[in-house]
There are 2 protein chains.
Amino acid sequence: MARALYKGLLLIADGLGDRPVPEMGRKTPLEYAATPTLDRLAREGECGLMDPIAPGIRAGSDTAHLAILGYDPYRVYQGRGPFEALGIGMEVRGGDVALRCNFSTVDAEMRVIDRRAGRITDGTRELAEAVNGVVIDGVQCFFKESVAHRGALVLRGEGLSHRITDVDPHAEGKPIHAARPLDSDDPAAVRTAQVVNAFVRLSYERLNDHPVNRARREQGLPPANIILPRGAGVAPHLEPFPQKHGMTAVAVVETGLIRGIARFVGMDTLDAPGATGGVDTDYASIADTLARALQRYDFVLCNVKSPDLCGHDRNPHLKAQAIEQIDGLVARLLEGYREPFYLVFTGDHSTPCSVGDHSGDPVPVLLHGPDLRGDEVLRFHEYACARGALGRLRGGDLVPILTQLMGVQEKFGA
Amino acid sequence: MARALYKGLLLIADGLGDRPVPEMGRKTPLEYAATPTLDRLAREGECGLMDPIAPGIRAGSDTAHLAILGYDPYRVYQGRGPFEALGIGMEVRGGDVALRCNFSTVDAEMRVIDRRAGRITDGTRELAEAVNGVVIDGVQCFFKESVAHRGALVLRGEGLSHRITDVDPHAEGKPIHAARPLDSDDPAAVRTAQVVNAFVRLSYERLNDHPVNRARREQGLPPANIILPRGAGVAPHLEPFPQKHGMTAVAVVETGLIRGIARFVGMDTLDAPGATGGVDTDYASIADTLARALQRYDFVLCNVKSPDLCGHDRNPHLKAQAIEQIDGLVARLLEGYREPFYLVFTGDHSTPCSVGDHSGDPVPVLLHGPDLRGDEVLRFHEYACARGALGRLRGGDLVPILTQLMGVQEKFGA
């Protein structure tokens, strides 16, 4: 495999972009924060604004990372199921059909008493283990619990289709639905619906008298005695990222979602000890893990989650603090890894504190490394980057920009 | 239907963009014009340059509006016919086949004497009424006259195709052609050609001795005794704009073309009393109609035609005056509608006075409303906007940018 002339790091501060915050003098949290290292890199490098998917599009973290890694999310993202499964760290391979699921409560006539089984929190791992790994008609059925009453089902086998209806009736008091093929002439959809219906029956048989549910009934709680799938999606076959670019690649991850996406595109993953995905994460440990990753791999992806959480919580001061911690992370990395390398620092989307959710505003982006043209940007924030030499990019532009600088990109043409 | 957190207005000054005008000291008409309101909005908001379709592409008003409304004109715009029909206010539905037509003069052997029937101006409405609404082989045939010898034919029915040749031989002294299917194995094209040929024969039968033509013969004028179709196109099935974006939408229109496009994409339309589509239009009435529209709808589209006419007429001073009138229109609107809302002000293409036609130069674009980052642009014109934070956008970016700010856009992903 081709080795890079220079290593490349794509460091993503989740939800980095923001809008002017009145109590910060109409600065954004990034502008308000003290970020001496990022500012120095901005002075030395090139800046711009980046739309993760396209201008104005409100990206999720999943679709944004797919786009940034060079995969078209409108083509790849066919139904929530696979990404729900990836998000809780399940393995999803190209061709797998995955479904979002609820643990629910049904009566003996299969009428839904509680779609969320009393919002069950404890015992779902044991319940999941009771059904995980069953094989139905040659199809492997992997089930894993998520938070509370949620979970995901991954079906692996030949000739499956995601074009089936939901089992979850989306209402209480109604009988569960049978999964049906959207097109009854489609043998893959017919078979997949049969497998899903058999899995649902099996879940009732194995869960109804499960010790967890016996205990719940004794406490007067509704039993989580069935698993109701919905939102089937198929995971497309992708060209693995390392193969596509001719380089080794690893993701240093904090959260299940990013781990799932990294594995889905064929990247290795590395956990930073003490990384929590929260504002209490161990930034120094992430920096040290990145330094080790850059020793071993050509390309490193890293997502630090904390700024996004502060945006969702509408807490601009905490967001500025998280950004300052990330600035320190970069400083420590540059101390710990002394070889010249290319860094792209950006966000996967904006999470403005005034919105409390992902917005379609572009995010600032910074490119640093040897042999760049540079520009006149002196600080790293939304306003300053709008005047940078990178202009207004899209997420899918970042990896080609990195790989051509790293010396791993083949010339297209003669 | 989801209601917007904020209303949105997309205000398009037709043909706004221009090139430096020597007699204006190399300013553009927009730069030369006094536009205090647009300049204030530029200072408070964010600016950029916008390519309606893509950089360098010379857009028509029809294709530009389709692109700006988020429909790919290369997919949607299959032949001029449907847009010619839309432009004269005919209803065109997805699946309809539409053709441009001429009233022509033929002799008894169906040889074309005059393709334009002496550039007939009077009586075409009566002639159109003689053929409009006929049903041939189950296909409804709607015909409407346009200016002078022009008109449009809309065919509505099952199993039609636009893949047929022209009846109009495009030359005088030659016999009319029979419409033929481009592929003789395509039953829809075979049938459509038969219907068109039957319509042409019927037009001759009904028009040759029509009182309008008897009168023309008496005056020594060539009779408009046949209708010759050409340029068949099919109107694609589109997801209606309000449904696609989950918001109510209306167009305040001056011209038939914009009315047709608005209806085609499923938007309501509102006429401003006194709006003429000319330089004599009632700008104040348009402003007042916009204020009413913003009260009632989530999203409002408006096109003001006058700058384009001045560009076609190569009259930069008249164009600057038209732009000043539009600046006043915006000021009056802001007086009349006092709620915070998002405004995108731009053009649908450039119509430089030095060219006298649409060019592929980008147009300035301005975004104004609450909670924006802003930039350092102080005036609204082509040069100043080139340095704005919006960078260089495409027409199709504008609606997503608006809908994410308005709070009606669903997040794509998790």
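In this predicted model, both faces of strand β9(B) are covered, with A249(B), A251(B) and V253(B) buried on one side and V250(B) and V252(B) buried on the other. In a regular strand the side chains alternate between the two faces of the sheet, and the two groups of residues just named can be read against that background. Counted over the whole strand, 5 of the 5 residues of β9(B) are buried.

The neighbours of β9(B) within the sheet can be taken one at a time. Strand β9, residues 249-253 of chain B, runs parallel to β10(B), to which 4 bridges join it. Along this pairing V250(B) stands opposite D268(B) of β10(B), and V253(B) stands opposite D271(B), again in β10(B). With β11(B), too, β9(B) pairs in the parallel sense, over 4 bridges, and here the bridge partner of A249(B) is F299(B) in β11(B).

A helix lies over this part of the sheet: α10 of chain B, residues 256-264, lies across β9, β10 and β11 (299-304) of that chain, and its direction makes about 170 degrees with that of β9(B).

The strands described so far belong to an open sheet of chain B with 8 strands and mixed pairing, in the order β10-β9-β11-β1-β12-β13-β2-β14. At its edges stand β10 (268-271) and β14 of chain B, and because each has a single partner strand, one side of each is left without a neighbour in the sheet. On average, neighbouring strands of this sheet are turned by 25 degrees against each other when direction is ignored. Another helix, α15(B), lies across β1 (7-13), β12 (341-346), β13 (363-368) and β14 of chain B, where it runs at about 165 degrees to β12(B).

Two packed helices are described by the angle between their axes and the distance between the axes. For α2(B) and α13(B), the angle is about 65 degrees and the axes are 7 Å apart. The contact is made by P36(B), T37(B) and L38(B) on the side of α2(B), and by D327(B), V330(B) and A331(B) on the side of α13(B). Divided by class, the residues of this contact are 4 nonpolar, 1 polar and 1 charged.

Chain A can be described in corresponding terms. Its open sheet has 8 strands in the order β10-β9-β11-β1-β12-β13-β2-β14, with mixed pairing. The edges are formed by β10 (268-271) and β14 (391-394) of chain A, each with a single partner strand, so one side of each is left without a neighbour in the sheet. Within this sheet, strand β12 (residues 341-346) and strand β13 (residues 363-368) of chain A pair in the antiparallel sense over 3 bridges, and V344(A) has L367(A) of β13(A) as its bridge partner. Helix α10 of chain A, residues 256-264, packs on the sheet and touches β9 (249-253), β10 and β11 (299-304) of chain A, with its direction at about 170 degrees to that of β9(A). Helix α15 of chain A, residues 398-406, lies across β1 (7-13), β12, β13 and β14 of chain A and runs at about 165 degrees to β12(A).

It remains to relate the two chains. Chain B is superposed on chain A by a rotation of 124 degrees with 0.0 Å of shift along its axis, at an RMSD of 0.2 Å. That is the relation of a three-fold axis. In chain B, the C-alpha nearest the axis belongs to G391(B), at 3.8 Å from it. The copies use different surfaces, since 12% of the contact residues of chain B recur in chain A.

The contact itself takes 16 residues from chain B and 27 residues from chain A. On the side of chain B that touches chain A, β14 (391-394) and α15 (398-406) of chain B each supply at least two residues. By class, this side of chain B has 6 nonpolar, 4 polar and 6 charged residues.

Note on methods. Residues numbered from 1 in each chain as written. Chains lettered and ligands numbered in written order. Predicted model: local features only at pLDDT ≥ 70, side-chain atom pairs only at ≥ 80, totals over all residues. Least-squares fit on C-alpha atoms with pLDDT ≥ 70 in both. Contact = placed C-beta atoms within 7 Å. Nonpolar A, V, L, I, M, F, W, Y, C, P; charged D, E, K, R; others polar. Pairing = 2+ DSSP bridges. Axes fitted to C-alpha atoms, helices over the stretch in contact; angles between N-to-C directions. Buried ≥ 20, exposed ≤ 12 C-beta atoms within 10 Å, placed from the backbone.
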